[in-house]
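Subject: Handover of a structure

Dear colleague,

Please find the structure below, followed by an account of what was found in it. I would be grateful if you could read the two side by side.

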Amino acid sequence: MTQEQANLPRHVAIIMDGNGRWANQQGKPRIMGHQAGVRSVQEVVRCARELDLDALTLYAFSTENWRRPGAEVESLMGLLQTYLENQLDQMVQNRVRLRTCGRTDRLPAKVRRILDNTIRETDGNEGLILNLALSYGGRDELLRATRRLSSRVAAGELTPEQISEQTIEAELDSAGLPDPDLLIRTGGERRLSNFLLWQLSYSELYFTRTLWPDFGREQFLAAITDYQQRQRRFGRTSEQLTDV
Ligand code: IPE
Ligand code: IPE
Ligand code: MG
């Protein structure tokens, strides 16, 4: 790995978009685009491990994706199940720790079972945290967090004044994870599509027209190199950052 080690992101989040268009371009059914996308997932996960990133969050299925034709949703769930079944040994071997965000209770029982099993088997691993966003929506996550906080207030455990950014964060699905330093979206669209609305507040954004099945190690490293050249100011001036 020849990647420059300075200023590496700790946490990268990816909106993996463009599978359907990739398949269309080749005159294939959409699901073949999703199948091809699994290869990109494997390559990017491997690369993230080699770079020793702390966390990689992949947007695999949104709350809005339930609106897709039933057959496509079913195939996506099937692919997810096979992916997890095939990767379990490797994840354990590579010390990857799986976690999820989103309404995983809405996933088919078979998927939930392998998901729970993989999370259990990889719990305690100290390598890359692989965070899969499944049936995930940023608004839905904030809504659930708000409800939990409100019940604590109603129960007298917490006063409204005690609610802080930290107490909100602790109720999010991503509790304990650092915010993504870098968000990558493939497929050419420049929108967030309800992804990590709270956590992306100061992330660097990287949009590429490359369709997800064509996105691999080289493209991932290009995004990281782009990130490494940016100056993150968090409201301060450039001078404040360069003065020592
Ligand atoms: C992303 O690819 C995968 C999911 C949203 C599950 P798309 O299926 O959205 O591909 P396009 O945007 O139609 O090309
Ligand atoms: C975003 O992609 C969701 C995932 C990549 C899982 P979409 O293809 O669903 O996004 P929109 O609908 O074009 O915004
Ligand atoms: Mg899309």
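Is arginine 217 buried, partly exposed or exposed? Arginine 217 is partly exposed, its relative accessible area being 29%; here buried means under 20% relative accessible area, exposed over 50%, and partly exposed in between, with a 1.4 Å probe and protein chains only.

Some conventions come first. This is a predicted model, in which local features need pLDDT of at least 70 and side-chain atom pairs count only at pLDDT 80 or more, while totals for chains, interfaces and linings use all residues. Residues are numbered from 1 along each chain as its sequence is written, chains are lettered from A and ligands numbered from 1 in the order in which they are written, and side-chain values use heavy atoms, with hydrogens and water left out.

Salt bridges

Side chains of opposite charge can pair when their charged atoms come close. The structure holds 19 salt bridges, a salt bridge being a side-chain nitrogen of Lys or Arg within 4 Å of a carboxyl oxygen of Asp or Glu. In one of them, arginine 217 pairs with glutamate 50, and the closest N and O atoms are 3.0 Å apart. This pair links distant parts of the chain, since arginine 217 lies in helix H7 (residues 217-228) and glutamate 50 in helix H2, 167 residues apart. Helices (H or I, at least four residues) and strands (E, at least two) are DSSP runs, numbered from the N terminus. Glutamate 50 is partly exposed, at 39% relative accessibility.

Another salt bridge joins arginine 97 and aspartate 123 (3.3 Å, N to O). It too links distant parts of the chain: arginine 97 is in strand E3 (residues 97-101), and aspartate 123 is in the loop between helix H4 (109-122) and strand E4 (129-136), 26 residues apart. Arginine 97 is partly exposed, with a relative accessible area of 34%.

Glutamate 72 and arginine 68 also form a salt bridge (2.8 Å, N to O). Glutamate 72 is buried at 11% relative accessibility, whereas arginine 68 is partly exposed at 29%.

Helices H2 and H3

Helix H2 (residues 30-50) packs against helix H3 (residues 70-93) at an angle of about 30°, and their axes are 10 Å apart. H2 is therefore roughly parallel to H3, a term for angles under 35 degrees. The contact (heavy atoms within 4.5 Å) involves several residues, including His34, Val38 and Val45 of H2 and Glu72, Leu79 and Tyr83 of H3. The residues of this contact comprise 7 nonpolar, 5 polar and 2 charged; Ala, Val, Leu, Ile, Met, Phe, Trp, Tyr, Cys and Pro count as nonpolar, Asp, Glu, Lys and Arg as charged, and the others, Gly among them, as polar.

Methionine 91 also belongs to helix H3, and it is buried, at 4% relative accessibility. Leaving aside residues up to four places away in sequence, methionine 91 touches Tyr83, Leu84, Val96, Leu98, Thr118, Thr122, Asn125 and Leu130.

Most residues other than glycine have a negative phi. Asparagine 7, in the segment before strand E1 (11-15), has a positive phi of about 60° and is exposed, with a relative accessible area of 54%. Asparagine 194, in the loop between strand E5 (182-185) and strand E6 (204-207), has a positive phi of about 70° and is buried at 15% relative accessibility.

Yours sincerely

Conventions:
Axes are lines fitted to C-alpha atoms, for helices over the stretch in contact, and angles run from 0 to 180 degrees between N-to-C directions. Angles under 35 degrees count as roughly parallel, over 145 as roughly antiparallel, 65 to 115 as roughly perpendicular and the rest as oblique.
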